[in-house]
Amino acid sequence: MIIKDLNVFPLSLPMKQSFRISGGTVGDKNQGAPHVYVNIVSEDGMEGWGEARPSHRWSYETLETVVSTIENYIKPAIVGKRADDLSSIHQFMDGEISSGISKGQPICKAAIDTALYDLIGRSSQKTLSELWFGKSMQCTPLSYLISTRDPNEAAEKARYAKENGFQGVDVKIGFQVEQDMEILEAVKAEVPDQFFRVDANQGYTLPDAIKAAKRMEQIGVDVFEQPLLANDLLGHREVRRKSFIPIALDESIWSPSDVLQAIRLEACDYAVIKLTKMGGFTGAKLAGEIAKEANLGLLGGGLTESTLGLTSSAHLFNYLEIKLPSDLNGPFFLEDDPIRNKGSIVNGSIMLPNGYGNGCEVDFKKLEKYKIQG
Ligand SMILES: [Mg+2]
């Protein structure tokens with residue numbers, strides 16, 4: 001199966017609401033959300049689709065770098081090569097775009113990797129689970145994202161989560177400890193029995209993180225995610241040693257080797273697996289498998305991908321048997337996207353679509369409608 005062509009579609013998708021984390025706004029309702037769709041065509045006429053969702057707030061990758069890197073460097077390197085030789089494809093991509101301290105431009109490479117898995121699945125008439133000899137896929141439970149600095153609004157969103165069947169909440173903090181704890185207390189009062197995930201997105205200093213973790217023990221938080229800067233693995237180990245709250249690493253883990261470093265340094269209890277941040281299925285699947293073998297807990301997350309990327313992530317989380325509610329929050333922010341058969345969200349879980357590969361069908365009219373011109 002030889003790659004014949006590759007097409008890149010930079011998109012601006014309409015948003016229901018803006019999305020802000022401690023580092024700044026990652027999606028502005030007035031500007032639309034930056035997404036990149038990639039279409040890879042084989043010589044026998046089969047197609048596969050992948051997605052990148054960059055934001056300069058969570059890494060150095062932008063919509064512009066994803067598009068220019070694929071068009072100017074990756075496309076010339078992989079057209080004419082075997083689509084089902086993923087190991088060589090990654091070597092070609094990494095040869096063109098070298099690593100920094102971790103894999104270079106993983107979000108961009110994830111769009112290629114996931115498109116190729118989709119292509120291979122469709123060509124061989126297998127679902128992604130069947131390609132990996134995994135369990136039959138059913139559904140992935142979701143957590144409900146709460147990102148506000150107003151305790152009343154946080155409580156209102158927590159009530160909505162409970163009423164709509166979500167099995168967990170994911171609360172964004174990382175500003176000021178006292179104000180953040182008021183948010184957590186307001187949420188806990190509404191959803192005392194839900195899985196309670198709290199994410200500081202690197203927003204705290206070490207003393208504040210320890211102080212917050214001790215308060216979270218009293219409040220009843222289940223997991224405290226990424227309190228400190230991404231490169232501060234020893235700081236995260238210190239928080240673990242000084243509190244009973246399990247620590248999850250997200251921004252610190254971009255690759256399987258990052259997971260190994262975190263294990264060696266005993267820096268976390270949970271690893272957050274994100275498909276596009278880890279360069280696609282090849283990296284994210286291995287990162288999840290290593291973390292499982294090391295007896296770490298797994299949490300699923302995403303970068304607000306649209307239905308295409310979200311569905312791919314849900315396939316991976318099913319394969320990795322992630323039982324805790326995942327933070328796949330694209331649908332909370334996007335008004336629409338170019339996928340025709342959206343896997344429906346029922347009782348706070350994503351029901352995966354039927355079909356080979358990742359199962360999504362692209363709506364070409366909408367693809368054209370949301371394409372950034374010029
Ligand atoms: Mg996170």
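This is a predicted model: local features need pLDDT of at least 70, side-chain atom pairs count only at pLDDT 80 or more; totals for chains, interfaces and linings use all residues.
Local features here need pLDDT of at least 70 and side-chain atom pairs count only at pLDDT 80 or more, while totals for chains, interfaces and linings use all residues. Residues are numbered from 1 along each chain as its sequence is written, and side-chain values use heavy atoms, with hydrogens and water left out.

**View 1. The magnesium ion and its donors D199, E225 and D250.** The ion is coordinated by D199 (OD), E225 (OE) and D250 (OD), at 2.1 to 2.3 Å. Donors are N, O and S atoms within 2.8 Å of the metal (3.2 Å for Na, K and Ca), and with water not among the atoms, sites may look incomplete. Read along the sequence, the donor spacing is D-x25-E-x24-D. D199 sits in strand 9 (residues 195–199), and D250 is 51 residues away, in the loop between strand 11 (247–249) and helix 9 (256–264), so the pair links distant parts of the chain. Helices (H or I, at least four residues) and strands (E, at least two) are DSSP runs, numbered from the N terminus.

**View 2. Helix 2 packing on helix 3.** Helix 2 (residues 86–96) meets helix 3 (residues 106–123) at an angle of about 160°, their axes 11 Å apart. That makes helix 2 roughly antiparallel to helix 3. Axes are lines fitted to C-alpha atoms, for helices over the stretch in contact, and angles run from 0 to 180 degrees between N-to-C directions. Angles over 145 degrees count as roughly antiparallel, under 35 as roughly parallel, 65 to 115 as roughly perpendicular and the rest as oblique. From helix 2 come L86, I89, H90, M93 and D94, and from helix 3 come K109, I112, D113, L116, Y117 and I120; contact means heavy atoms within 4.5 Å. Sorted by class, the residues of this contact are 7 nonpolar, 1 polar and 3 charged. Ala, Val, Leu, Ile, Met, Phe, Trp, Tyr, Cys and Pro count as nonpolar, Asp, Glu, Lys and Arg as charged, and the others, Gly among them, as polar.

**View 3. Helix 6 alongside helix 7.** Helix 6 (residues 177–190) and helix 7 (residues 206–219) pack at about 20°, with axes 11 Å apart, and are therefore roughly parallel to each other. V177, E178, M181, L184, E185 and K188 of helix 6 touch down on D208, K211, A212, R215, M216 and I219 of helix 7. The tally for this contact is 6 nonpolar, no polar and 6 charged residues.

**View 4. I107 and its surroundings.** I107 is in helix 3 and is buried, with a relative accessible area of 0%. Among the residues that I107 touches are W58, E61, W254, K277 and L303. I107 and E61 are 46 residues apart in sequence, yet 7.3 Å apart in space, C-alpha to C-alpha.

**View 5. L367 in helix 13.** Helix 13 spans residues 364–370, and L367 counts as buried at 2% relative accessibility. Leaving aside neighbours within four places in sequence, L367 contacts F9, L11, Y37, W49, P338 and V362. L367 and S12 are 355 residues apart in sequence but 9.9 Å apart in space, C-alpha to C-alpha.

**View 6. T311 in helix 11.** T311 belongs to helix 11 (residues 307–319) and is buried, at 1% relative accessible area. Not counting residues up to four places away in sequence, T311 touches L352, P353, N358 and C360.

Technical notes. Buried means under 20% relative accessible area, exposed over 50%, partly exposed in between (1.4 Å probe, protein chains only).
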